[in-house]
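Me: I would like to go through this structure with the definitions kept in view. Please set each value against its cut-off before drawing a conclusion.

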Amino acid sequence: MASIFDRDAFTEALFFPRTDASAPPPGAVDRFAEVDGARIHVRCYAARGARCTLLVFHGNGEVVADYDDAADRFAAIGAALAVAEFRGYGRSTGAPSLRAVIDDARAIAEAVPADRLIVMGRSLGGAAAHELFARPIERMAGAILESAFCDLGRLIQRRGLAPPAAFTADEQATFEPARKLAHGRLPLLVLHGAIDTLVRPDEAHAAYAAATSAAERRLVLVPGRGHNDLSGGDEYWAALRAFVDHIAA
């Protein structure tokens, strides 16, 4: 029997693709990463004096253009922003699946020009960040989890489905965040809203607890913020700046 993560019912309940053909704003460039059977859209924003590049795997229902207005805020903390789509989102081809998010992560990271790369996974994009934290590319210097899931059973339940009694060895190796986090050795920042009701803060605590081999790990719960308004808090930007400062040093 096929893994629940490969079944149409799970995939259709998990992903909400949006297409978008908007032109990049001044100073930004659209690139494409070639993956198995698809082309993935990545938008890279210029930032004068940037000390690193922050590659964001965005959340469900988002597209890269949603980050056009945020690029200057990332530049202000010393990071040039790059944002990657999922298959079937924005200008990317193919059909999305959780397995594809994970399988495509490395090729996408390799396509981003940067001497020092920090990978950031927001919400569902955390699946790509988990994978790259465990198996980083050579230029990668750290990882950030923003409002990311850590419990596979809850991920399935939030889609209105029943998780299996146990996950197979392949499912654990491919999809289990805690297992991947336990293998990562780069610095890790776990950012989460203190009142997130979609992915509860205890999943952030679980992610932090799992990353025992990280060179350094930080957990920041932003007071008064939930799942989709995290960047509206000053504590969010202060935590990102401190992490970028640490990596750049």
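Reply: Helix H8 lies across S6, S7 and S8, running at about 170° to S8; axes here are lines fitted to C-alpha atoms, for helices over the stretch in contact, and angles run from 0 to 180 degrees between N-to-C directions. This is a predicted model, in which local features need pLDDT of at least 70 and side-chain atom pairs count only at pLDDT 80 or more, whereas totals for chains, interfaces and linings use all residues. Residues are numbered from 1 along each chain as its sequence is written, and side-chain values use heavy atoms, with hydrogens and water left out.

Me: What makes H8 a helix, and which of its residues are buried?

Reply: Helices are DSSP runs of H or I with at least four residues, strands are runs of E with at least two, and both are numbered from the N terminus; H8 spans residues 201-210. Its buried residues are Pro-201, Glu-203, Ala-204, Ala-207 and Ala-210, where buried means under 20% relative accessible area, exposed over 50%, and partly exposed in between (1.4 Å probe, protein chains only). Their cover includes S6, helix H5 (152-158), helix H7 (177-183), strand S7 (188-193) and strand S8 (217-222).

Me: Why is the contact between Arg-43 and Asp-30 called a salt bridge?

Reply: A salt bridge requires a side-chain nitrogen of Lys or Arg within 4 Å of a carboxyl oxygen of Asp or Glu; the closest N and O atoms of Arg-43 and Asp-30 are 2.6 Å apart, so the pair qualifies. Because Arg-43 lies in strand S2 (residues 38-45) and Asp-30 in strand S1 (residues 28-35), the pair ties together parts that are 13 residues apart in sequence. Arg-43 has a relative accessible area of 0% and is buried, and Asp-30, at 17%, is buried too.

Me: How do you know that Glu-110 and Arg-139 also meet in a salt bridge?

Reply: Their N to O distance is 3.9 Å, which is within the 4 Å limit, so the pair counts as a salt bridge. Glu-110 lies in helix H3 and Arg-139 in the loop between helix H4 (126-134) and strand S6 (140-146), so parts 29 residues apart in sequence are tied together. Glu-110 is partly exposed at 43% relative accessible area, and Arg-139 is partly exposed at 24%.

Me: Which strands are the edge strands of the sheet, and what makes them so?

Reply: Two strands pair if DSSP finds at least two bridges between them. Eight strands form an open sheet in the order S1-S2-S4-S3-S5-S6-S7-S8, with mixed pairing; S1 and S8 each pair on one side only and are the edge strands. The twist averages 20° from one strand to the next.

Me: What makes a group of residues a nonpolar core?

Reply: The term denotes a set of buried Ala, Val, Leu, Ile, Met, Phe, Trp, Tyr and Cys residues joined through side-chain atoms within 4.5 Å. The largest such core has 54 residues, and Leu-55, Phe-57, Leu-98 and Leu-181 have the most contacts inside it. H3 supplies the largest share of this core, six residues. Apart from it lies another core, of 28 residues, including Val-56 and Ile-247.

Methods: Contact means heavy atoms within 4.5 Å.
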